[in-house]
Amino acid sequence: MEETYLLNVEGVRKKILHGGQGELPKLQDGSKITFHFQTLKDDFERTVLDDSREAGMPMEIIVGKMFKLEIWETLLSSMRTGEVAEFWCDTIHTGMYALVSRGMRRIAEGRDPLEGQKHRCGMGNMFDYHSTGYADLDELQRAPQPLIFIMELFRVEEPSAYKRDTWAMSKEEKLAAVPVLHSEGNRLVLRKEFGQAAAKYQEAVICLRNLQAKEKPWEEGWLRLESLVTPLVLNYCQCQLELGEYYEVLEHTTELLQKHNDNAKAYFKRAKAHAAVWNERQAREDFARVAHLDPSMAAAVKKELKQLGERMRRKHVEERKRYQGLFQPARGP
């Protein structure tokens with residue numbers, strides 16, 4: 001088909017390779033676009049830099065969430081569902097591609113795309129690196145050049161039509177999601193579906209931690225969010241106790257107690273985890289703290305200490321029997 005300038009955008013040309021269906025999608029903040037893409041150099045060989053099909057999964061971007069390659073939203077907004085189009089983009093639009101590609105490749109390799117980055121904007125990080133870790137991207141970073149993007153649009157989903165990842169939610173959406181997730185977790189606990197319940201509690205904690213990152217520690221806004229985080233972490237730890245993930249319980253309760261060293265429930269759950277992995281001394285110390293901080297839990301502590309004592313006695317008896325067997329003389333024929 002004949003090449004045409006796209007939406008009067010300078011430095012962009014579009015060629016439709018396969019027509020799509022329906023009307024042009026109406027994009028809004030929060031819309032999710034799913035598509036495959038191929039990136040080629042504008043050279044004689046049309047050298048392929050990236051291909052989402054080779055990575056095994058389509059690309060997804062959320063409109064309005066500051067995807068570093070802004071021109072992609074513009075390109076996709078010109079496409080119909082099912083359409084395949086080729087776009088030529090001048091260097092004014094492709095200067096950030098090396099950084100974007102680096103992140104996508106690391107994700108495809110199962111690595112953290114932000115590993116080693118300094119807490120700066122994308123452009124600042126770009127200048128911090130001597131190398132992206134990929135020779136072809138290093139070349140592109142040193143000498144930006146026009147690129148060709150071949151895109152196939154699969155679908156555009158409105159914000160209300162899909163389950164949004166935490167990072168894609170606004171502050172208001174995250175706050176609204178937390179009580180829903182908390183309630184869903186509680187319902188799953190009643191059904192003894194502890195793994196699924198733990199996932200709900202964890203998702204709620206992530207929402208709140210993301211909001212906390214924008215507050216000053218220990219100030220009013222941060223403390224208000226922390227008061228919501230604490231019961232969710234405790235519920236998550238209870239699920240992990242039920243699942244036998246004792247070391248994870250030790251990790252999360254210890255982290256919680258570093259900030260809230262008067263939380264009896266956190267000590268109680270940590271004590272149970274210590275007991276489960278035979279840390280008798282630590283378990284007894286934590287149970288003692290529970291009884292001191294919350295006398296109403298004294299009966300529960302007494303019961304746990306009794307069970308711990310019985311388990312330790314059985315363990316010592318088994319060990320004595322095992323060691324006696326090791327040192328008994330062998331019988332003759």
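The structure is a predicted model, so local features are taken only where pLDDT is at least 70 and side-chain atom pairs only at pLDDT 80 or more, while totals for chains, interfaces and linings use all residues. Residues are numbered from 1 along each chain as its sequence is written, and side-chain values rest on heavy atoms, with hydrogens and water left out.

The protein holds 13 helices and 7 strands; these are DSSP runs numbered from the N terminus, with helices being H or I of at least four residues and strands E of at least two. Of the 333 residues, 41% are buried. Here buried stands for under 20% relative accessible area, exposed for over 50%, and partly exposed for what falls in between (1.4 Å probe, protein chains only). Taking contacts between residues at least 6 apart in sequence, 69% join residues at least 24 apart, where a contact is a pair with heavy atoms within 4.5 Å.

Helix H4 (residues 97-108) is mostly covered, with 10 of its 12 residues buried. Among those buried are Tyr 97, Leu 99, Val 100 and Met 104, along with Arg 102, Arg 105 and Arg 106. The end C-alpha atoms of H4 sit 16 Å apart, in agreement with the 16 Å that its 12 residues should span at 1.5 Å a residue; the expected span is 1.5 Å times one less than the number of residues.

Helix H7 (residues 171-190) comes next. H7 runs for 20 residues and reaches 30 Å from its first C-alpha to its last, close to the 28 Å expected. Its buried residues are Lys 174, Ala 177, Val 178, Leu 181, Gly 185 and Leu 188. As a general point, an α-helix has 3.6 residues a turn, so residues three or four places apart point the same way. The cover over the buried residues of H7 includes H8 and helix H9 (220-243).

How do packed helices get described? For H7 and helix H8 (residues 194-212), the axes come within 8 Å and cross at roughly 160 degrees. The axes are lines fitted to C-alpha atoms, for helices over the stretch in contact, and the angles run from 0 to 180 degrees between N-to-C directions. H7 and H8 are therefore roughly antiparallel; the cut-offs are under 35 degrees for roughly parallel, over 145 for roughly antiparallel, 65 to 115 for roughly perpendicular, and oblique for the rest. H7 passes H8 in a left-handed crossing, meaning that the near helix is turned anticlockwise from the far one by less than a right angle (clockwise would be right-handed). The contact draws on residues including Leu 175, Val 178, Leu 181 and Leu 188 of H7 and Phe 194, Ala 197, Tyr 201 and Leu 208 of H8. Sorted by type, the contact residues come to 12 nonpolar, 5 polar and 5 charged. Nonpolar covers Ala, Val, Leu, Ile, Met, Phe, Trp, Tyr, Cys and Pro; charged covers Asp, Glu, Lys and Arg; the others, Gly among them, count as polar.

Ala 197, in H8, is buried, with a relative accessible area of 0%. Leaving aside residues up to four places away in sequence, Ala 197 touches Gly 185, Leu 188, Val 189 and Cys 239.

Most residues other than glycine have a negative phi. Lys 192, in the loop between H7 and H8, has a positive phi near 60 degrees and is exposed, with a relative accessible area of 64%. Trp 218, in the loop between H8 and H9, has a positive phi near 70 degrees and is partly exposed at 48%.

Further along, H9 and helix H10 (residues 246-259) pack at about 160 degrees with their axes 10 Å apart, which makes them roughly antiparallel. The crossing is left-handed. Residues that meet here include Trp 222, Val 233 and Leu 234 in H9 and Tyr 246, Val 249 and Leu 256 in H10; the contact divides into 9 nonpolar, 4 polar and 3 charged residues.

H10 and helix H11 (residues 264-276) have axes that come within 9 Å and cross at roughly 150 degrees, so H10 is roughly antiparallel to H11. H10 passes H11 in a left-handed crossing.
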